Amino acid sequence: MVNMMFWVLTHDQRLLMWANRRPSHRGLNLWLSRWLGTITHIGGATFTLTTALLIALVGSGSWSTAGWQCLAATAISHIPVAIVKRKFSRLRPYQALASVNACKKPLCDSSFPSGHTTAIFAWLMPWLLVDAALLPLLLPIAILLGVSVAWSRMYLGLHYPSDVAVGAILGSSTSLLISASWSFF
């Protein structure tokens, strides 16, 4: 067990340093920093909860239902996030590693798991289930949004890869459970 934890921590830090690096080309660096610095907020509570509620209220049919499912999944998925963050108290990468690039206003609470990644994946899943005919259109957009938010959390020095991986699993699984059991409510 100790060997496995050492392996995970070593590889987690290596992957973080790779995801956190800045491109040497000034233009690419500027574009990437702007994109990831902006897209990260889409995984925040304000965006995910507000858009879910708005679509639930003004949408019709399956879109309204998906909005309510997004709202429920995002809210419910943050219960285990809050519990785990208190239990594990993992320092954020910028706090633990001297060479990590950090954003201007870094968060100070526990790193594990990523709440932004949890929220974006909880928010995304019901939209993918709205209409099977729209799945080929929505899936690439969902992948781009989900991966961009998760990557931004590492790029900004706020989370390790394991933080975002657990957040993605937690958000997706909560959302799928909510969507699957929705007809029982």
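The model is predicted, so local features need pLDDT of at least 70 and side-chain atom pairs count only at pLDDT 80 or more, while totals for chains, interfaces and linings use all residues. Residues are numbered from 1 along each chain as its sequence is written, and side-chain values use heavy atoms, with hydrogens and water left out.

The span 68-179 is 71% helix and 0% strand, and its end C-alpha atoms lie 10 Å apart; helices (H or I, at least four residues) and strands (E, at least two) are DSSP runs, numbered from the N terminus.

Select Trp68, which is found in helix α4 (residues 62-88) and, at 35% relative accessibility, counts as partly exposed; buried means under 20% relative accessible area, exposed over 50%, and partly exposed in between (1.4 Å probe, protein chains only). Then move to Ser179 in helix α8 (residues 161-181), which counts as buried at 14% relative accessibility. The side chains of Ser179 and Gln69 are joined by a polar contact of 3.4 Å, a term for a pair of N or O atoms within 3.5 Å, where within protein one must be able to donate a hydrogen and the other to accept it, and residues adjacent in sequence count only if both atoms are side-chain atoms. Leaving aside neighbours within four places in sequence, Ser179 is in contact (heavy atoms within 4.5 Å) with Gln69, Pro126 and Leu129.

**The annotated transmembrane spans.** The unreviewed UniProt entry lists residues 35-60, 66-84, 128-152 and 164-184 under "transmembrane region". Select residues 35-60, which are 73% helix and 0% strand, with end C-alpha atoms 32 Å apart, and then residues 66-84, which are 100% helix and 0% strand, with end C-alpha atoms 27 Å apart.

**The salt bridges.** The structure holds four salt bridges, each defined as a side-chain nitrogen of Lys or Arg within 4 Å of a carboxyl oxygen of Asp or Glu. Select Asp109 and Lys85, whose side chains meet in one at 3.9 Å, N to O. Asp109 lies in the loop between α5 and α6 (115-128) and Lys85 in helix α4, so the pair ties together parts that are 24 residues apart in sequence. Asp109 is partly exposed, with a relative accessible area of 40%, whereas Lys85 counts as buried at 13% relative accessibility.

Next select Asp12 in helix α1 (residues 2-20), which is buried, with a relative accessible area of 5%. Asp12 forms a salt bridge with Arg90, the closest N and O atoms being 2.8 Å apart. This pair links distant parts of the chain, with Asp12 in helix α1 and Arg90 in the loop between α4 and α5 (93-96), 78 residues apart. Asp12 also has a polar contact of 2.6 Å between its side chain and that of Ser162.

Which residue meets Arg90 in a salt bridge of 2.7 Å, N to O? The partner is Asp163, which lies in helix α8, 73 residues from Arg90. Asp163 counts as buried at 0% relative accessibility.

Conventions
UniProt positions renumbered as here; feature names shortened; annotations may be inferred.
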